[in-house]
Amino acid sequence: MAASNGAPLVVFDFDKTIVDCDSDNWVVDALGATQRFDELLRQLPWNYAIDAMMGELHSQGKTIQDIRACLRTAPLSPHVTAAIRSAHALGCELRILSDANTFFIDTILAHHGLAGYFSAIDTNPAHVDAAGRLRIRPYHEFHASAPGHGCALPTCPPNMCKGKVMERILLHLQEEASAGAATAKRRRRAVVYLGDGRGDYCPSLKLCEGDYVMPRTGYPVCDLIAGSPPGAGHGTVRGWAGFEDLGRVLLGIVDNEIARSASVPEEDVAGVGMVPVPECRVLPPLVPSVQEALLPKAVRVPN
């Protein structure tokens, strides 16, 4: 639902953005299966490996309750909780776009009382089967008979292209803005995207002038954006170095968007933010760009 005050749509990654961990690794480590998971990762893509790991844990007697108990201890900063609640109270629509899974995300959000703040969650589907075993499936099926997501960008894992999901979100916002054009010219809502990993690079390329990307500094997406060639998208870059900083930067953007909407006549912003959504493309060689002046030098870390 669009806010009438110009508040943006805020799209969060989940792992290392809302929670300060990788939720898959958090569960595996807590249940003492780190070594076995590492072995599976040498044989299977990540998404299939975590599903297989859940099957092995089930066969060892680990229950859904055990998994939930692990997830409830995942680190989630009170600054993130406050930022989510404040952005929602200011009129922002909030979504999650994550390569985690529905079971892990839903469990953590419910534990912290945040489930009702998000209008949609796009992530790998998960369910508990009749035997009580957690099944985790890829968002985009990529076995031999499935088409996959079709994105050639090497930063996208085979099970999920977040850029494809962002294209759908942006198309919906454009249609939403066009639907109101019968009575007044309308700018589509701005999008703010927050993330940390390599998979967050593709959706950042879909954003355009008037949108914002908030990369976590010192993490892979920060390095990728800093090395992007000129004109590669991203909208306005606003890095964040910690969770208190996340809240400060995000709420500053929200306040600015609301103030801008109140001060600019509708007819003066017609067409802004309505740039056609670019297709996924092959990642160009990373070259120095003016973005490096905006962000600290990122340190490559596993993600």
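## Overall make-up

The protein exposes about 13,100 Å², and carbon and sulfur atoms supply 55% of that area. Accessible areas come from the Shrake-Rupley method with a 1.4 Å probe; for residues, only the protein chains shown count as cover. This is a predicted model: local features need pLDDT of at least 70, side-chain atom pairs count only at pLDDT 80 or more, and totals for chains, interfaces and linings use all residues. Residues are numbered from 1 along each chain as its sequence is written, and side-chain values use heavy atoms, with hydrogens and water left out.

The protein has 303 residues, and 50% of them count as buried. Buried means under 20% relative accessible area, exposed over 50%, and partly exposed in between (1.4 Å probe, protein chains only). Ten helices and eight strands are present. Both are DSSP runs numbered from the N terminus: helices are H or I with at least four residues, strands are E with at least two. Among contacts in the protein with a separation of 6 or more, 71% join residues 24 or more positions apart. Contact means heavy atoms within 4.5 Å.

The largest nonpolar core holds 54 residues. Such a core is a set of buried Ala, Val, Leu, Ile, Met, Phe, Trp, Tyr and Cys residues joined through side-chain atoms within 4.5 Å. Phe12, Ile18, Met54, Ile67 and Phe118 have the most contacts inside it. Helix α10 (residues 243-263) gives the largest share of this core, seven residues. Another core lies apart from it, with 24 residues, among them Cys151, Leu173, Val191 and Val221.

What does Ile18 touch, not counting residues up to four places away in sequence? The list is Phe12, Asp13, Leu76, Val80, Ile84, Ile96, Phe118 and Phe243. Phe12 and Phe118 also stand among the residues with the most contacts inside the largest core.

## Val27 and Met54

Val27 lies in helix α1. Val27 is buried, with a relative accessible area of 0%. Beyond four places in sequence, Val27 touches Met54, Ile67, Cys70, Leu71 and Phe104. Val27 and Met54 are 27 residues apart in sequence, and their C-alpha atoms are 9.7 Å apart in space.

## The cavity

How many cavities of 30 Å³ or more does a search of the whole structure find? The search finds one. About 40 Å³ of space lies in the largest cavity. On a 1 Å grid over the protein atoms alone, a cavity is a set of points where a 1.4 Å probe fits but cannot get out; lining residues have an atom within 4 Å of a point. Grid points are joined across faces, edges and corners, and a volume is the space filled by probe spheres set on the points.

Met54, His58, Lys62, Thr63, Ile64, Ile67, Gly132, Arg133 and Leu134 form the lining of the largest cavity. Helices α3 (46-59) and α4 (64-71) are the elements that give two or more residues to this lining. By type, the lining divides into four nonpolar, three polar and two charged residues. Here Ala, Val, Leu, Ile, Met, Phe, Trp, Tyr, Cys and Pro count as nonpolar, Asp, Glu, Lys and Arg as charged, and the others, Gly among them, as polar.

## Loop residues

Lys16 sits in the loop between β1 (9-12) and α1 (23-30). Phi of Lys16 is near 65°, a positive value in a residue other than glycine. Most residues other than glycine have a negative phi. At 16% relative accessibility, Lys16 counts as buried.

Pro157 is in the loop between β5 (134-136) and α7 (162-179). Pro157 counts as partly exposed, at 24% relative accessibility. Leaving aside neighbours within four places in sequence, Pro157 contacts Asp99 and His149. The C-alpha atoms of Pro157 and Asp99 are separated by 8.9 Å, and the two residues are 58 apart along the chain.

Tyr201 belongs to helix α8 (residues 201-206). Is Tyr201 buried or exposed? Tyr201 is buried, because its relative accessible area is 0%.

Ala262 lies in helix α10. Ala262 is exposed, because its relative accessible area is 70%. Ala262 and Asn5 are 257 residues apart in sequence and 7.2 Å apart in space, C-alpha to C-alpha.

Technical notes
1 Å grid on protein atoms, 1.4 Å probe; cavity = no way out; pocket = protein on both sides within 12 Å on 5 of 7 lines; lining within 4 Å.
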